[in-house]
Amino acid sequence: MRMTLSTLNWRRREMVRWLVTCATEVGVYALDSIMQSWFTLFTPTEATSIVATTVMSNSTIVRLHLDCHQQEKLASSARTLALQCAMKDPQNCALSALTLCEKDHIAFETAYQIVLDAATTGMSYTQLFTIARYMEHRGYPMRAYKLATLAMTHLNLSYNQDTHPAINDVLWACALSHSLGKNELAAIIPLVVKSVKCATVLSDILRRCTLTTPGMVGLHGRRNSGKLMSLDKAPLRQLLDATIGAYINTTHSRLTHISPRHYSEFIEFLSKARETFLMAHDGHIQFTQFIDNLKQIYKGKKKLMMLVRERFG
């Protein structure tokens, strides 16, 4: 039978599980010895996802009939192992380390600091968003926000990536910032503007930001009596301008190689663009000028420009 890499990895994981299971049958000292020398036996991922997780499971505690002192000794070794693995391979082990260290304040703080240290160089936006969502779930919204802002600095959504898998994470990060308050929203919007060039995503964020007051339902469910943010002032003005600019750039990009079968879709896109233009106080004038420019620049596309005139004048 031909052995593929995935088959070999699966067999190795099964061997690791078998070794740990055997160790649990012998006792506490065998497990502790395995964890102390994990780096000679396992990869960091194996050590956290299989070894430490198995050691801290309820089934292991029950099987070994551990008293409180023995439980804590093993748990301490498992947390130490998890932190070592997170430092060695933060991309694959940081979230596991945080989960394993949840019940120990000092270890949890150490794991969180490892994530922050690795965020600028050693982790992708996908990994940071995942950990940020975990932090929110555990009741740490400000830490979730911090990690979300770090994730945004790694992200680049171009004008035509309106189905990118990171879009939901971007919307979540903006919603989290909005729930925390005006200052947090004001801090993340420049990051969004820099990272996201997709007009439909920007307009979605803009629309959501204008529906409710930032921090309206704050921590512990307390309601603030603040006002809706103005589209004529920072930070929403910056987001509005960026969204309009994204619609303009995307329009020109689409028109470069557009085919007749996409004409109706393009007209609907312009209708969406108009909705955003009209959010600005001079939006009607801006949109009229924009349409006039299109009719002049692309007058060679007679059928398409006729459809534009029919819809927008």
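Predicted model: local features only at pLDDT ≥ 70, side-chain atom pairs only at ≥ 80, totals over all residues.
**Exercise 1.** Determine how many disulfides the structure has, and examine Cys93 and Cys198 in turn.

*Solution.* A search through the whole structure gives zero disulfides. Cys93 takes part in none, and the cysteine sulfur nearest to its own, that of Cys85, lies 5.2 Å away, whereas a disulfide requires sulfur atoms within 2.5 Å. Cys93 is also buried, because its relative accessibility is 0%. For Cys198, the closest cysteine sulfur belongs to Cys174 and is 13 Å away, which is too far for a bond. Cys198 is likewise buried, with a relative accessible area of 1%.

**Exercise 2.** Describe how domain 1 and domain 2 are arranged and how they meet.

*Solution.* Begin with the bounds, which are 8–123 for domain 1 and 131–211 for domain 2. The centres of these two domains, taken over C-alpha atoms, are 32 Å apart. Turning to the contacts, 13 residues of domain 1 touch ten residues of domain 2. Between them the two domains bury about 1,100 Å², and 69% of this is on carbon and sulfur atoms. On the side of domain 1, the residues that lose the most area to domain 2 are Glu102, Phe108 and Tyr112, which together make up 42% of what that side buries.

The polar part of the picture comes next, with five residue pairs in polar contact between the domains, both residues being at pLDDT 80 or more. In the part of domain 1 that touches domain 2, helix H6 (90–100) and helix H7 (105–119) each supply at least two residues, and H7 gives the most, with six residues. The count of salt bridges between domain 1 and domain 2 is two. Elsewhere in the list of pairs, the side chains of Arg143 and Glu109 form a salt bridge with an N to O distance of 2.7 Å.

**Exercise 3.** Which helices hold Glu268 and Arg311, and how far apart in sequence are the parts that this pair ties together? Compare the setting with that of Arg17 and Glu14.

*Solution.* The closest N and O atoms of Glu268 and Arg311 are 2.8 Å apart, and the two residues form a salt bridge. Glu268 lies in helix H14 and Arg311 in helix H16 (residues 302–312), so the pair ties together parts that are 43 residues apart in sequence. Glu268 is partly exposed at 43% relative accessibility, and Arg311 is partly exposed at 37%.

Arg17 and Glu14 also meet in a salt bridge, at 3.0 Å from N to O. These two residues are three apart in helix H1 (residues 5–26), which means that about one helical turn separates them. Arg17 is partly exposed, with a relative accessible area of 38%, as is Glu14 at 34%.

How values were computed
Residues numbered from 1 in each chain as written. Heavy atoms only, no water. Buried < 20%, exposed > 50% of the residue type's maximum accessible area, 1.4 Å probe, protein only. Domains from an automatic or database assignment. Contact = heavy atoms within 4.5 Å. Buried area = accessible area lost by both parts, 1.4 Å probe. Salt bridge = Lys/Arg side-chain N within 4 Å of Asp/Glu carboxyl O. Polar contact = N/O pair within 3.5 Å; in protein donor to acceptor, adjacent residues only side chain to side chain. Helix = DSSP H or I, 4+ residues; strand = E, 2+ residues; numbered from the N terminus.
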